[in-house]
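This report concerns strand pairing and covalent cross-linking. Please consult the sequence and the model shown below while reading.

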Amino acid sequence: MTKSEQLLRVDDHDFTMRPGFGGPAIPVGVDVQVESLDTISEVDMDFTMTLYLRHYWKDERLSFPSNTNQSMTFDGRLVRKIWVPDMFFVHSKRSFIHDTTTDNVMLRVFPDGKVLYSLRVTVTAMCNMDLSRFPLDTQTCSLEIESYAYTEDDLMLYWKKGNDSLKTDEKISLSQFLIQKFHTTTKLAFYSSTGWYNRLYINFTLRRHIFFFLLQTYFPATLMVMLSWVSFWIDRRAVPARVPLGITTVLTMSTIITGVNASMPRVSYIKAVDIYLWVSFVFVFLSVIEYAAVNYLTTVQERKERKLRDRLPCTCGISHPTGLMHSSYSDVDVNTTGNYSMPEENGDKRERILVQLALADDRTGGQGKSHRSYASMWIDTHAIDKYSRVIFPGAYTLFNIIYWSIYS
């Protein structure tokens, strides 16, 4: 035995029993200094923390005479020979005591038998996260400390200085979260086979930084939606321009959605980012469907125009055929009609088509109604793009206002 062990009379007592066995519960005070909060994982639903865990209690079996009232400090070798509280971390996945360059354990004994037991621990514990508002969410996680063997009848675990028992390093920071608050609580935990235990909680609240997700997810998705609107200003006959533009935006949105979900757990509920991305995807997809409708109706118009041109006499050489035109000509907006006709010869090709429609109306009589409806159909097809230029941006802007007012 070492001189210190002889002074403490280690062999004279049975340290397998707690201090004051058979009497009231021994009070064990705890305080914690958080050194670092290393990682927060949404995929594994856990966090990793490094901390200094300190225990305070009184064991009269370790009292010793001292004229100077000075304490004695020991390393981890004496810990194996005396009684220490059997603390463990509830819901922990992994934990270890640092051992570089030696075990990071300290034991300090005072002459009156008071003991300070400190160790440096890194623990990975479970944190149940609600990701329904991700990435505009705030998470609250807890590290729980409890005695493994001693119920509240044998060991009374408490925070030594209340909420001041928890200290944090001012330099603690996370790349993805803002640490809003650290605080402590105490509760009782019940196990049906063993009884009630004191449990200490280290609670901390984290608010996620949104700027990263704005740059990597929201801005690209918004730009893809806006890019899909460009097709509304491209000539509807330019199929090689509009079709690849629509397909490219759809595939890019699919890539963004896949990239976001790859780094997230497979939860069974919808997240806030899912709502934004899928609504954006629907807008991009509808822009492709819009051009499909425009292209189809344009094809129908061209067929009817071709048939009509085959039946109408040539109006070449008629410079001002206003006397032969039907009165409905004045009701048609020339600027909104299409440009599908024969090559332009000494005049406006759109006007020539209207002249042919009017001549056919005068000659056929009963067919005038169908010709006028054909002209109206021409204008409505052209109006699809015109209305889409207003409806699509307006609807998407309204969606953004509602979305950010709810989740921000």
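## Strand pairing and the disulfide

Gly29 stands opposite Tyr158 in strand E9. The model is predicted, so that local features require pLDDT of at least 70 and side-chain atom pairs count only at pLDDT 80 or more, whereas totals for chains, interfaces and linings use all residues. Residues are numbered from 1 along each chain as its sequence is written, and side-chain values use heavy atoms, with hydrogens and water left out.

Strands (E, at least two residues) are DSSP runs, numbered from the N terminus. Two of them are said to pair if DSSP finds at least two bridges between them. Strands of a sheet pair through backbone hydrogen bonds, either parallel or antiparallel.

| Pair | Sense | Bridges | Example of opposite residues |
|---|---|---|---|
| E1 (residues 26–41) and E9 (residues 155–159) | parallel | five bridges | Gly29 and Tyr158 |
| E1 and E2 (residues 46–58) | antiparallel | eleven bridges | Leu37 and Met49 |

An open sheet of four strands has the order E4-E8-E12-E11, and its pairing is antiparallel. Strand E4 (87–90) and strand E11 (177–191) lie at the edges; each has a single partner strand, so one side of each is left without a neighbour in the sheet. From one strand to the next, the twist averages 25 degrees, where axes are lines fitted to C-alpha atoms and angles run from 0 to 180 degrees between N-to-C directions.

The structure holds one disulfide, defined as a pair of cysteine sulfur atoms within 2.5 Å. This disulfide joins Cys127 to Cys141, with an S to S distance of 1.9 Å. The pair links distant parts of the chain, 14 residues apart: Cys127 is in the loop between strand E7 (114–126) and strand E8 (138–147), and Cys141 is in strand E8. The link of Cys127 and Cys141 is left-handed, with -75 degrees about the S-S bond.

Are these cysteines buried or exposed? Cys127 counts as buried because its relative accessibility is 2%, and Cys141 is buried with a relative accessible area of 1%. Buried here means under 20% relative accessible area, exposed over 50%, and partly exposed in between (1.4 Å probe, protein chains only).
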